[in-house]
Amino acid sequence: MPETAAFHVPAIDISPYIAGGSAEEKQAVARAFDEAARTVGFMQITGHGIPLESWARLGRASDRFFELSLEQKKRYRAPKGVNRGYSPPKSERLSLSLGVEKAERMNDFFEAFNVGATAADYAHAGVSEADYADNIWPEETETFRDDVELWMTNATAVAHVMMAIFADALGLPSDYFAAYTDHSLNVLRMNNYALPEGERVTLDGDLIGMGEHTDFGIVTLLWADDVKGLQVLGEDGSWNDVSPLPGALLVNLGDLTARWTNEKWKSTLHRVKPPVVGGTIKRRRSAAFFFDGNVDALITTLPGCVEPGERELYAPITVSEHIQAKLRGSRELQKNTGDIEREAQRVLSSRY
């Protein structure tokens, strides 16, 4: 589906925050970010400072894992309730994280591998291994762990820069979000859509690579190749193709940020439609770094985000409560019954 003329994902150069720009340069970045956050909820971030070597090594790690046989990959499935390890194709349904289900739809047609921040990473905070689980590292893929951990380190650094931009854009003290993110539930999800290159596809329902959803946490940094598939919901209910600029991170805001800002900033619905040409699937890769905040952080409306005459749209919730409810939908296939009515209605009103 082509982009509509009105739909645009802006590109924002954040190098003033990376390379010590002037206060005026940083304010220009913050204003551009605020505009994108209010209108689209997605942006293309350049000047992020992640080396090309790290970019290439993440692609290598993804390729080497997903090229393993299905039997080998299934050895790395995580125990129930642990957001780590391998998810085979058709084992998840992201739309259920919003409480939305279509009877004729099969599960999402992608496979994924998750790693994340562990309790050992936050020894200073005394966090629980139940919340910050150990990673599951595949044995067959040489350099996999080093390649993935390098990207995690770089992505974490950029995510903290994004929090400084958040603070400036909202007129808050520059370190305002530190207390919410000093032991953040960071997860990197490497995705493969889905089936070997060229394999014929037989549909047993509505073919969705990854169902329509909002991201759960604070902010997402997306590494992706240039194969089309990602679609973002526009204000008019249309789905619009979005592809990354060369060397850019696609950045979008999550549900917790929408809650924080009383929806002044958007957590925008998106999905992945598999690139199917002539009945065959063209391979597509992506890796989403989810910066979700501290497990015990209480998310309430931020100062200045409720105008006179407005009401707060969401009740307070901890990061843990919100994320666990979402994961029960997507990974355990239990329809989310939390306060997701506003999100679900956007799905139901979209033009499929």
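Author: Let us begin with burial: a residue counts as buried when its relative accessible area is under 20%, and as exposed when it is over 50%. The model before you is predicted. Of the 352 residues of the protein chain, 57% count as buried.

Reader: How many residues of strand 5 are buried?

Author: Seven of the seven are buried, so strand 5 is largely enclosed by the rest of the structure.

Reader: Which residues of strand 5 point one way, and which the other way?

Author: The general idea is that side chains in a regular strand alternate between the two faces of the sheet. In strand 5, Val-187, Arg-189, Asn-191 and Tyr-193 point one way. Leu-188, Met-190 and Asn-192 point the other way, and the residues of both sets are buried.

Reader: What is the overall inventory of helices and strands?

Author: The protein chain has nine helices and 16 strands. As for contacts between residues at least 6 apart in sequence, 81% of them join residues at least 24 apart.

Reader: In what order do the strands of the open sheet stand?

Author: Strands of a sheet pair through backbone hydrogen bonds, and the pairing may be parallel or antiparallel. Here eight strands form an open sheet with mixed pairing, in the order 1-2-10-7-14-5-4-3. Strand 1 (11-13) and strand 3 (85-87) stand at the edges with a single partner strand each, so one side of each has no neighbour in the sheet. From one strand to the next, the twist averages 25 degrees.

Reader: How many bridges join strand 5 to strand 14, and in which sense do the two run?

Author: Strand 5 and strand 14 run antiparallel and are joined by seven bridges. Within this pair, Tyr-193 stands opposite Arg-284 in strand 14. Arg-284 has a relative accessibility of 2%, so it counts as buried. The C-alpha atom of Arg-284 is separated by 9.9 Å from that of Leu-230, a residue 54 places away along the chain. Strand 5 also pairs with strand 4 in the antiparallel sense, over seven bridges. There, Glu-111 has Asn-192 of strand 5 as its bridge partner.

Reader: Over how many bridges do strand 2 and strand 10 pair?

Author: Strand 2 (residues 42-46) and strand 10 (residues 249-253) pair over four bridges, in the antiparallel sense. Phe-42 stands opposite Asn-252 in strand 10. Helix 2 (residues 23-39) packs on the sheet and touches strand 1, strand 2 and strand 10. The direction of helix 2 makes about 155 degrees with that of strand 1. Helix 3 (residues 52-66) also packs on the sheet, touching several strands, among them strand 5 (187-193) and strand 14 (284-291). The direction of helix 3 makes about 60 degrees with that of strand 5.

Reader: At what angle do the axes of helix 3 and helix 5 cross?

Author: Two packed helices are described by the angle between their axes and by the distance between the axes. The axes of helix 3 and helix 5 (residues 144-170) cross at roughly 135 degrees and come within 8 Å. This angle makes helix 3 oblique to helix 5. The crossing is left-handed. Among the residues that meet are Trp-55, Leu-58 and Phe-65 in helix 3, and Phe-144, Val-148 and Trp-151 in helix 5. The residues of this contact divide into eight nonpolar, two polar and four charged.

Reader: Is His-322 buried or exposed?

Author: His-322 is placed in helix 8 (residues 319-330). Its relative accessibility is 4%, and His-322 therefore counts as buried. Leaving aside residues up to four places away in sequence, His-322 touches Phe-216, Asp-255, Leu-256, Arg-259 and Ile-317.

Reader: Which residue other than glycine has a positive phi near 55 degrees?

Author: That residue is Asn-262. Asn-262 is found in the loop between helix 7 (255-260) and strand 11 (270-272), and is buried with a relative accessible area of 5%. Glu-263 lies in the loop between helix 7 and strand 11. Glu-263 has a positive phi of about 65 degrees, although it is not a glycine. At 26% relative accessibility, Glu-263 counts as partly exposed.

Methods:
Residues are numbered from 1 along each chain as its sequence is written. This is a predicted model: local features need pLDDT of at least 70, side-chain atom pairs count only at pLDDT 80 or more; totals for chains, interfaces and linings use all residues. Side-chain values use heavy atoms; hydrogens and water are left out. Two strands pair if DSSP finds at least two bridges between them. Axes are lines fitted to C-alpha atoms, for helices over the stretch in contact, and angles run from 0 to 180 degrees between N-to-C directions. Contact means heavy atoms within 4.5 Å. Buried means under 20% relative accessible area, exposed over 50%, partly exposed in between (1.4 Å probe, protein chains only). Angles under 35 degrees count as roughly parallel, over 145 as roughly antiparallel, 65 to 115 as roughly perpendicular and the rest as oblique. A crossing is left-handed if the near helix is turned anticlockwise from the far one by less than a right angle, and right-handed if clockwise. Ala, Val, Leu, Ile, Met, Phe, Trp, Tyr, Cys and Pro count as nonpolar, Asp, Glu, Lys and Arg as charged, and the others, Gly among them, as polar.
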